[in-house]
2 protein chains.
Amino acid sequence: MCCLSCEEDYVRRDAGTCKECYEEASETEEELKREIKDLKAKVEFLSFLSPTDHHHHHSSGRSHGSGFTDIFLVAAEDGPDGGPSVPVPAHRAILANRSPVFEAMLENEMEESRSGTIKISDVSYDALRAFVNYLYSAEACLDEQIACEFLVLAEKYQVKYLKAYCEKFLVSKLNWDNSIVNYVFAHQHNAKLLLEAALSLILDNMDKLRKRQEYSEFIEKHPTLVVEIYEACLAKQENTAAPKDTSAKS
Amino acid sequence: MCCLSCEEDYVRRDAGTCKECYEEASETEEELKREIKDLKAKVEFLSFLSPTDHHHHHSSGRSHGSGFTDIFLVAAEDGPDGGPSVPVPAHRAILANRSPVFEAMLENEMEESRSGTIKISDVSYDALRAFVNYLYSAEACLDEQIACEFLVLAEKYQVKYLKAYCEKFLVSKLNWDNSIVNYVFAHQHNAKLLLEAALSLILDNMDKLRKRQEYSEFIEKHPTLVVEIYEACLAKQENTAAPKDTSAKS
């Protein structure tokens, strides 16, 4: 028989689908691709250029609406050249839409709302600018460091969508080598998805990890986390042991 | 053979794909579905509730940021109870982002920018509210009338994405019965996609259409459009005639 997809001959036991199902699947794929195209256009329509994204400014044909800013964000750390941090302009309406924390801050006539300036602690100017840019466009160029900085900001300002995005990225970069660092980080910032993925890697590599210098430092600094790992380890052993036990009895 | 998809037996000539291609296609489908899920989450993150969308207000867990409005839109036509039109509150930054016409109006210190009120002519209060809502969320419940009203607004304020969306909707509702009305409408509002689809339907149903009362009114009101249709009709006849001619010669 000749495959309608790859056009190569195959034998009976390598048969996949009948013709009807093949045609249906092709149609479904086309439909899904159309839906993706529509959704991408929708995302483009809905996204903003942030007021500091000079890079793309005036280059695309579309409107920007990056005027009319009515608030500034200021990073606690130094500005781009080591000088005092440059305020990042933004729109109250957009900040409030993306974060319930900003919303409460701005709608309740708090200090930030009156002064027109929100101070953001523990963040560099570059990270803050990228964070604001993300709030406007849902776009970011992540690496592991930026993902960690963003996750901290996303947790603090309850930007759930960004937090999930960073967690997914960090999970994709997990390996047994960075599993402990990530486990500690996930614990500190309430990142459940990352925590579970890191824990599972740690449990699979306990033998290797326990031999490392890093591990004794980990015990010293975070003894309660180590206890949690051992408890998970024991629970796992019991779980894998249990079915064997019952099967032996029956 | 048994189809791996519908699990029914089929004969050799109804064979579709080999196993490998079937598995690849299933994987692709899963990936596309994941991408759709991610894009839908992105759209949700980027969309706003418009300041007048009381319906959903306070019902979802998410922030709204529908405060801080700094401009009003007013429909030229009557308000909801036949009284004077109620101003629709909005944000300059969002209007300017979605429409280059609003952007120019608001950034260049024109009358609208100074007064804080934009008058929108030839539109009902309900349509204006739905239009503003669309600019905030890219969501609308279209029927043919709303799609026409939106298309007019989208053309006037150069909201390309909405215009394409309305055209697609109107094309999906085309039939030979409404083809002339749509052709005239598309011509008036520079809707190329709709124009071509309507023209093609008209050409396919010239015999039926020419017998109708409506058609003579059409000739009376829009003689130049009728000329265009006849010219397209002749061009089509020549095109379909041409290949036959050459095949007869060869």
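## Salt bridges between the chains

B:Lys168 and A:Asp38 form a salt bridge, their closest N and O atoms being 3.2 Å apart; the term stands for a side-chain nitrogen of Lys or Arg within 4 Å of a carboxyl oxygen of Asp or Glu. The pair joins two chains, because B:Lys168 lies in helix 7 (residues 160–172) of chain B and A:Asp38 in helix 1 (residues 19–46) of chain A. Helices here are DSSP runs of H or I with at least four residues, strands are runs of E with at least two, and both are numbered from the N terminus. B:Lys168 is partly exposed at 47% relative accessibility, and A:Asp38 is partly exposed at 39%. For these labels, buried means under 20% relative accessible area, exposed means over 50%, and partly exposed is in between, with a 1.4 Å probe and protein chains only.

A salt bridge also links A:Lys42 and B:Glu139, at 3.0 Å from N to O. This pair crosses between chains, with A:Lys42 in helix 1 of chain A and B:Glu139 in the loop between helix 5 (125–137) and helix 6 (144–156) of chain B. A:Lys42 counts as buried at 15% relative accessibility, while B:Glu139 is partly exposed at 44%.

## About the model

You are looking at a predicted model, in which local features need pLDDT of at least 70 and side-chain atom pairs count only at pLDDT 80 or more, while totals for chains, interfaces and linings use all residues. Residues are numbered from 1 along each chain as its sequence is written, chains are lettered from A and ligands numbered from 1 in the order in which they are written, and side-chain values use heavy atoms, leaving out hydrogens and water.

## Salt bridges within a chain

Over all chains, the structure holds 16 salt bridges. One of them, between B:Lys33 and B:Glu29, has its closest N and O atoms 3.1 Å apart. The two residues sit 4 residues apart in helix 1 (residues 19–46) of chain B, so about one helical turn separates them. As a reminder, an α-helix has 3.6 residues a turn, so residues three or four places apart point the same way. B:Lys33 is partly exposed at 40% relative accessibility, as is B:Glu29 with a relative accessible area of 23%.

In chain A, a network of salt bridges links A:Asp177, A:Arg212 and A:Glu214.

## A buried arginine

A:Arg98 belongs to helix 2 (residues 92–98) of chain A. Its side chain reaches the backbone oxygen of B:Phe45 at 3.3 Å.

## A sheet of 3 strands

Chain A has an open sheet of 3 strands in the order 3-2-4, with mixed pairing. Strand 3 (88–90) and strand 4 (117–120) of chain A are the edge strands, each pairing on one side only. Two strands pair if DSSP finds at least two bridges between them. Neighbouring strands of this sheet are turned by 25° against each other on average, direction ignored; the axes are lines fitted to C-alpha atoms, and angles run from 0 to 180 degrees between N-to-C directions.

Strand 2 (residues 71–75) and strand 3 of chain A run antiparallel and are joined by 3 bridges. A:Phe72 stands opposite A:Pro89 in strand 3 of chain A.

## Helix 8 and positive phi angles

Helix 8 of chain A is mostly covered, with 7 of its 10 residues buried. Among them are A:Tyr183, A:Val184 and A:Phe185. Helix 8 of chain A is followed by A:Asn190, whose phi is positive, near 60°. A:Asn190 lies in the loop between helix 8 (179–188) and helix 9 (192–204) of chain A, and is exposed with a relative accessible area of 54%.

Most residues other than glycine have a negative phi. A:Gln158 also is not a glycine, yet has a positive phi of about 50°. A:Gln158 is found in the loop between helix 6 (144–156) and helix 7 (160–172) of chain A and is partly exposed at 47%.

## A distance in chain B

B:Glu23 and B:Leu174 are 151 residues apart in sequence and 39 Å apart in space, C-alpha to C-alpha. B:Glu23 is in helix 1 of chain B and is partly exposed, with a relative accessible area of 42%.

Definitions and conventions:
Polar contact = N/O pair within 3.5 Å; in protein donor to acceptor, adjacent residues only side chain to side chain.
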